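Here are some notes for a colleague who is new to this structure. They take up a pocket, a helix and some charged pairs in turn.

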Amino acid sequence: MLFNSFEFLLFFPVMIIGFYVLPHKNRWLWLLLGSYFFYMIHEPELLILLLTSTIVDYFCALKMVHANSLMRRLYLFISIVVNIGILFVFKYLSFFTTSIESLFSFFNLSINREQVGGYNFKQILLPVGISFYTFQTLSYSIDVYRGKILPEKHFGVFALYVSFFPQLVAGPIERASRLIPQLKKEISIHLPNLKKGLIMIAWGFFLKVVVADRLGVYVDAAFEDPEFNHGIPLFIGSFFFAFQIYYDFSAYTSIAIGTAKTMGFDLVQNFNKPYFATSISEFWKRWHISLMEWLKDYVFIPLGGSRGSKLKVVRNVLILFFIVGLWHGANWTFVIWGVLNAILLILEFSTNNIRKLIFKALKLPKTLIRMLGWCALVICLSIPLIFFRSPSATDAILYFKSMINITGLHINILNNYFELILSFVFIIGVQTIHYFKGNDKIHELVTNKSKPLRWSIYMSYIVIIVLFAINRQNTFIYFQF
C-alpha cells in the first residue's frame, strides 16, 4: 500500500481509532493484522517470505539462549543463510545470472539465462521492502547472538517488530532493543503526539506530491533522452534528481515517523539535514542514518573499521560502499554509484591536511568555506547519482557525454518556465525550512504559533496541495529497494 494513495487515507484512521479503542492486551494483534494487510493488499503471496524470515529468526534466537557456543553459531548461521538466501533469490538471482551470461559472452561462450533448469528468472517477483525487513530481522538475530539483547518470547510481538506497517517497506531500519519495548508499553492517547504526528504526515505529503514529484517530471524528461536534451538541461536534471531522491525518501520517512507518532511510538530519525553537510563523510552520517548505522555495526566495524593501515581502511570503505550500492538495487549502476562515493570519501580523507593548509593560506572566512563546502557537496553527489538514476552504465555514460556538450543556452526541456522556476523556489523554500528545523522539528513551525496563525497555515497548506500537487500517483523511489 502506498502512503500517497486513497487506500492509505482510509486505512490510517481505521488503524488509529482501532488502536486506541482496543485494550492494551489486544493492540499487538490489531497492529500485526493491520501490518500484514498493509503489506499484502496487492501481492498476498509476498507475506510468505515475510513470515518465513519471522519464524526462522524467532526460533533461532530462542535456541541461542541455552545453546553452547558451537550451536549458537549454527543458529546464527541458519538465520543469516535463510534471510540472505531469500534476499539473493528474489532480488539478485536474475542480476547475477545476467552478469555470468555477459562474462561467458566475453569469452565467446554461451549460456541461456532465460531458461536455466526449466525456470525463467525474469518471472521472479521483487518483494516490496525486502532489503529493509531483511536487515531489520538480521540485526535482531545478530544482537541476540552477541548477547546484547534477550530473545523476545512473545511470537506476536516479535512478528509485529518485523512487520510494523509504518516502517515496513522503506524504513527506517529499527533495532529490536529500541522498538520491541515500545510495542509492549501501554500507551494512552496523547494529543501533543497526535498533533506532531499529523503535522509530520502532512509535511511528508507536501514533500512527495508537491516537490519531489514535480522535480521528477523534469528529471524523467532529462534522463529519457539525454542524447537529444544535451547541455545545461542535463546539468539541471542531475541537480534536480539529487533533491528529488532526498525529498522523496525524506517524505516517506516523515510519513512513517508521523504515523508511528500518532500511536505513541518513536521511530529513529533517518535524516539530519544531509545537504547542509560540508564533507562527504559528514553527509553519510546524516543520510539514511538507520542503514549506515546498521552497516557500520554489522559490516564496517567487524571488518576492522577505520583501524589499521591506510590500505585496510581503504579496503573497508570500498567493501562498505560496494554493499551500499548493491543493497540499493540489483544493477551495476548502483554498484558503480556506491564505489564512486567510496572513492570520493577516500579522496576526501586523503587530502584533508592539504585542504586545511590551502584554506589557511587563503584566509577565507569560515562562512564562505562552509558555503563552498555545501556547493561542492551537491556537485560531488550529483555526478555519481547519474549512475543511480540511469537504467544502465551505457546510458549513464551517454548522459555524461551529452551533459558536457553545451551548444546553446536553452535550459527548459519542458518548455514551461513557470514550472522550472517553481521547482527552484520549492527547493530553496524546503532547504530553508530544513536548515532551521529539519524534519524532526517541523511541527514547531505550527504548534508554537497562535491559533489564528495556525489555522492560516493549515488553510495555506490545503491551497498549496490543491494548486501545486502533481497529479500522478508515483511510488516512493525507495519502495524498489
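1. In this predicted model, 41 residues line the largest pocket, and Ala202, Phe205, Phe206, Tyr461 and Ile465 are the ones nearest its centre. Two or more lining residues come from each of helices H1 (6-21), H8 (191-224), H17 (417-436), H18 (444-447) and H19 (451-468). H8 contributes the most, with twelve residues.

2. The volume of the largest pocket is about 1,300 Å³. Its lining consists of 30 nonpolar, six polar and five charged residues.

3. Helix H6 (residues 155-163) is mostly covered, with eight of its nine residues buried. Among the buried residues of H6 are Phe158, Leu160 and Tyr161. The cover over them includes helices H2 (24-40), H3 (46-65), H5 (130-146) and H7 (176-184).

4. The count of salt bridges is eleven. One of them joins Glu419 to Arg214, with the closest N and O atoms 2.6 Å apart. Glu419 lies in helix H17 and Arg214 in helix H8, so this pair ties together parts 205 residues apart in sequence. Arg214 is buried at 5% relative accessibility, whereas Glu419 is partly exposed at 24%.

5. Arg178 and Glu174 also form a salt bridge, their closest N and O atoms being 3.6 Å apart.

6. In the salt bridge between Glu444 and Lys437, the closest N and O atoms are 2.9 Å apart. Glu444 is partly exposed at 23% relative accessibility, and Lys437 is partly exposed at 22%.

7. A network of salt bridges links Lys208, Asp213 and Asp248.

Technical notes: Residues numbered from 1 in each chain as written. Predicted model: local features only at pLDDT ≥ 70, side-chain atom pairs only at ≥ 80, totals over all residues. Heavy atoms only, no water. 1 Å grid on protein atoms, 1.4 Å probe; cavity = no way out; pocket = protein on both sides within 12 Å on 5 of 7 lines; lining within 4 Å. Points joined across faces, edges and corners; volume = space filled by probe spheres on them. Helix = DSSP H or I, 4+ residues; strand = E, 2+ residues; numbered from the N terminus. Nonpolar A, V, L, I, M, F, W, Y, C, P; charged D, E, K, R; others polar. Buried < 20%, exposed > 50% of the residue type's maximum accessible area, 1.4 Å probe, protein only. Contact = heavy atoms within 4.5 Å. Salt bridge = Lys/Arg side-chain N within 4 Å of Asp/Glu carboxyl O.
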